[in-house]
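Please look over the sequence and the three-dimensional model shown below.

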Amino acid sequence: SGNVSLVVTRVDDGGTDLGGCNHSDPVTVRLTVIDINDPPSFQLAAYAVAVQDDGFQTRPGVAYDMRPGPENEVDQTATFSIGIISGADFVQAMSLDGDGTLTFTPTP
């Protein structure tokens, strides 16, 4: 991010014979480059074990090293979205909260 000043001229191919001019007067343009939203980042534990008949379960620390983005984005709030590709069914959908704790209830 930051500011830059550009000086722009336009040149044609008509040449400068007989005192001609092949370029425009320079025009100065100020360009402001603004920050964009960078993606959040996190790490996941390699695996978590669940016992099917144990009802509601909590696994702290499944997600860790969570960052909203660079320093200029520390005021942003990030949430997790979980999609199950294949495997067991759940009575209560899996949820991963802001401190990295996974909660769920497997189908007995």
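A residue is called buried under 20% relative accessible area, exposed over 50% and partly exposed in between, with a 1.4 Å probe and protein chains only. The model is a predicted one, in which local features need pLDDT of at least 70 and side-chain atom pairs count only at pLDDT 80 or more, while totals for chains, interfaces and linings use all residues. Residues are numbered from 1 along each chain as its sequence is written, and side-chain values use heavy atoms, with hydrogens and water left out.

Leu18 belongs to the loop between strand S1 (2-8) and strand S2 (27-33); helices (H or I, at least four residues) and strands (E, at least two) are DSSP runs, numbered from the N terminus. The phi angle of Leu18 is near 60°, a positive value in a residue other than glycine. Asp65, in strand S5, likewise has a positive phi, near 50°. Asp65 is partly exposed, because its relative accessible area is 39%.

The next topic is the pairing of strands. Strands of a sheet pair through backbone hydrogen bonds, either parallel or antiparallel. Here, two strands are taken to pair if DSSP finds at least two bridges between them. S6 and S7 run antiparallel and are joined by 4 bridges. Phe90 has Pro106 in S7 as its bridge partner.

Thr105 also lies in strand S7. Thr105 counts as buried because its relative accessibility is 14%. Beyond its neighbours within four places in sequence, Thr105 is in contact (heavy atoms within 4.5 Å) with Gly55, Phe56, Phe90, Val91 and Gln92.

Leu44, in strand S3, has a relative accessibility of 47% and therefore counts as partly exposed. With neighbours within four places in sequence left aside, Leu44 is in contact with Val62, Ala63, Tyr64 and Leu96.

Where is empty space left? Rolling a probe the size of a water molecule over the atoms shows this. On a 1 Å grid over the protein atoms alone, a pocket is an open set of points where a 1.4 Å probe fits, with protein on both sides within 12 Å along at least five of seven lines, and lining residues have an atom within 4 Å of a point. The largest pocket has a volume of about 410 Å³. Strand S3 (41-44), strand S6 (90-96) and strand S7 (102-106) each give two or more residues to its lining. In total, 22 residues line the largest pocket, and Ala48, Val62, Ile82, Met94 and Leu102 lie nearest its centre. The second largest pocket holds about 200 Å³ of space. Its lining takes at least two residues each from S3 and strand S5 (63-67), and Pro40, Phe42 and Arg67 are among its lining residues.

Definitions and conventions:
Grid points are joined across faces, edges and corners, and a volume is the space filled by probe spheres set on the points.
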